[in-house]
Amino acid sequence: MPYLTAAVVMLGVLCGLNLMLLLAVVRRLKEHARTLAGLSGAGDARLPEAGSAVGHFDALSTDGEAVSRHALEPGTLVGFFSPGCGPCTENLPKFTAYAAALPGGRGRVLAVIAGTDDSEDMQVALARVSRVVVEAHGGPVAAAFGVSAFPTFCVLDGESVITAAGFDLSALPNPVTA
């Protein structure tokens, strides 16, 4: 009988420890999910609104060219990317093709890379068709546009007002008529 009592007590202790471990893992997973949502913008995935004005910003392109709200030409295409973002990688060739079809060349295209880690390949691909700005997540250009998720694409008018925006290039006007 004492063996049976000891076994039941031991089983109870093990079940209690297992429950505490399970609760700790669940709490840690919730923290991890919040952190990931904050990095990707997935928890607050809003598009910049068409008709809204772009806020003031000053930045330098990777070529050393000054880029600001007032330096953007009418019809400028702006793309926001993040290294390690699956949809960004998928949309990169589409964006470069769209940008190459725009009249006006690189002067009417701005690509913003949020995050400096592992962005070299993305910078090289984008530099062929656009001016490239690399900034930290939540940097001045993304904040001026109100970008909270990646990728995000916008087209501007001559007054730095967003005329079209989307998480996909299909939401933007045809580049030949833009």
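Tutor: We shall discuss aromatic pairs, salt bridges and one serine in turn. Please bear in mind that this is a predicted model.

Student: How many aromatic pairs does the structure hold?

Tutor: Two rings count as a pair if their centres lie within 6.5 Å, and planes over 60 degrees apart count as edge-to-face. The structure holds five aromatic pairs. One of them joins Phe81 and Phe95, with 5.1 Å from centre to centre and 80 degrees between the planes, so this pair is edge-to-face.

Student: Which parts of the chain does the pair of Phe81 and Phe95 tie together?

Tutor: Phe81 belongs to strand β3 (residues 77–81) and Phe95 to helix α2 (residues 86–101), so the pair connects parts that are 14 residues apart in sequence. Both Phe81 and Phe95 are buried. Phe81 also forms an edge-to-face pair with Phe153, at 5.7 Å centre to centre and 70 degrees between the planes. Because Phe153 lies in strand β6 (residues 152–156) and Phe81 in strand β3, this pair ties together parts that are 72 residues apart in sequence. Phe153, like Phe81, is buried. Elsewhere, ring pairs link Phe57, Phe80 and Phe145 into a cluster.

Student: How many salt bridges does the structure hold, and which residues form them?

Tutor: A salt bridge requires a side-chain nitrogen of Lys or Arg within 4 Å of a carboxyl oxygen of Asp or Glu. The structure holds three salt bridges. In one, the closest N and O atoms of Arg28 and Glu31 are 3.8 Å apart. These two residues are three residues apart in helix α1 (residues 2–40), so about one helical turn separates them. Arg28 counts as exposed, at 60% relative accessibility, whereas Glu31 counts as partly exposed, at 33%.

A further salt bridge joins Glu65 and Arg131 at 3.7 Å, N to O. Glu65 lies in the loop between β1 and β2 and Arg131 in strand β5 (residues 131–135), so the pair ties together parts that are 66 residues apart in sequence. Arg131 is buried, with a relative accessible area of 4%, while Glu65 is partly exposed, at 35%. The side chains of Arg106 and Asp63 also meet in a salt bridge, at 3.0 Å from N to O.

Student: Is Ser160 buried or exposed?

Tutor: Residues under 20% relative accessible area count as buried. Ser160 has a relative accessible area of 4%, so Ser160 is buried. Ser160 is located in the loop between β6 and β7 (162–166). Its side chain reaches the backbone oxygen of Arg69 at 3.0 Å. Beyond its neighbours within four places in sequence, Ser160 is in contact with Ser52, Ala53, Val54 and Arg69.

Technical notes:
Residues numbered from 1 in each chain as written. Heavy atoms only, no water. Phe/Tyr/Trp six-rings, centres within 6.5 Å; stacked < 30°, edge-to-face > 60°. Helix = DSSP H or I, 4+ residues; strand = E, 2+ residues; numbered from the N terminus. Buried < 20%, exposed > 50% of the residue type's maximum accessible area, 1.4 Å probe, protein only. Polar contact = N/O pair within 3.5 Å; in protein donor to acceptor, adjacent residues only side chain to side chain. Contact = heavy atoms within 4.5 Å.
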